[in-house]
Amino acid sequence: MTTAPERTIDLYPTRGATEVTTPRQDPVVWSEPGAPGPIEPSDLAAYERDGFLAIDQLITPDEVEVYARELERLISDPAIRADERSIVEPKSQEIRSVFEVHKISEVFAGLVRDPRVVGRARQILGSDVYVHQSRINVKPGFGASGFYWHSDFETWHAEDGLPRMRTVSVSIALTENHDTNGGLMIMPGSHKTFLGCAGATPKDNYKKSLQMQDAGTPSDEALTRLAGEYGIRLFTGKPGSATWFDCNCMHGSGDNITPYPRSNVFIVFNSVENAAVEPFAAPVRRPEFIGARDFTPVR
């Protein structure tokens, strides 16, 4: 484990008295043109332009079964439910997310190390990578709540101390993503502008924000402007499909009021050259199971 460096200059101010916008100061694709990797040049260019890359089948149906069984095992385990890394729905008290699954489960640890997964992260970020965050998200039918519009980087910068936009997420579907069961929505191109949100960060904000976000939430006026400029893309796909997206994409998902469950595994890779420092706009760091302080590269 390495030690977090001291705070650096704040390129992306947020959580002040007013909402502010800042043009992106960082590349989207950090690797050199022509660098080897599993992503084709045309797809890498589309990722740079839109901020995301959808893959019809990242893992096979047989592999989906393995990961889906492991997800069910974890959420059915009373010890996992009692662990602070499990987040429950406020109303139903059903498990909503389980964090740090690559440390809880060797099955998901293997997925993190899979060249199809970590290889794409290295290619996008142009360096070795470590896991900033991993989790399984569970959206059973009939009322599982969504995730309101936000930029992940806004939170990771403000509350975890990630200095630069050199972080990428992948959401891998373990159930079918219909257009009705609370799928991921992204505003294409929104990753090119940072929206600094208004309002200070409460202490231990994560305890509330993981169930229902408040601090770090854009205003209705800003969301209306962004949606008017960029539009909204809804992602659907079969089990085993995946969506890679930049840390600064404005994204969210709706409630799932259908009978059809939606579950996915979510992995966040950060460059080892972008290690977290002290938070830029929060009184204390979030726990390590949400924002890692172990910067050991994935091997």
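About 30 Å³ of space lies in the second largest cavity of this predicted model, and a search of the whole structure turns up two cavities of 30 Å³ or more. There is also an open side to the story: the largest pocket has a volume of about 270 Å³. Residues are numbered from 1 along each chain as its sequence is written. Because the model is predicted, local features need pLDDT of at least 70 and side-chain atom pairs count only at pLDDT 80 or more, while totals for chains, interfaces and linings use all residues; side-chain values use heavy atoms, with hydrogens and water left out.

**Cavity and pocket**

- On a 1 Å grid over the protein atoms alone, a cavity is a set of points where a 1.4 Å probe fits but cannot get out, a pocket is an open set with protein on both sides within 12 Å along at least five of seven lines, and lining residues have an atom within 4 Å of a point.
- Grid points are joined across faces, edges and corners, and a volume is the space filled by probe spheres set on the points.
- The second largest cavity is lined by S190, T193, L195, L226, N248 and M250.
- That cavity lining splits into three nonpolar, three polar and no charged residues (Ala, Val, Leu, Ile, Met, Phe, Trp, Tyr, Cys and Pro are nonpolar; Asp, Glu, Lys and Arg are charged; the others, Gly among them, are polar).
- Around the largest pocket sit 19 lining residues, with H102, K103, V131, T296 and V298 nearest its centre.
- β5 (129–139) gives the most to that pocket lining, with five residues, and α4 (101–104) and α5 (106–113) each supply at least two (helices are DSSP runs of H or I, at least four residues, and strands runs of E, at least two, numbered from the N terminus).
- By class, the lining of the largest pocket has eight nonpolar, five polar and six charged residues.

**Helices around α5**

- The axes of α2 (residues 61–76) and α5 come within 9 Å and cross at roughly 135 degrees (axes are lines fitted to C-alpha atoms, for helices over the stretch in contact, and angles run from 0 to 180 degrees between N-to-C directions).
- That makes α2 oblique to α5 (under 35 degrees is roughly parallel, over 145 roughly antiparallel, 65 to 115 roughly perpendicular, and the rest oblique).
- V66, Y67, E70, L71 and L74 of α2 meet V107, F108 and L111 of α5, where contact means heavy atoms within 4.5 Å.
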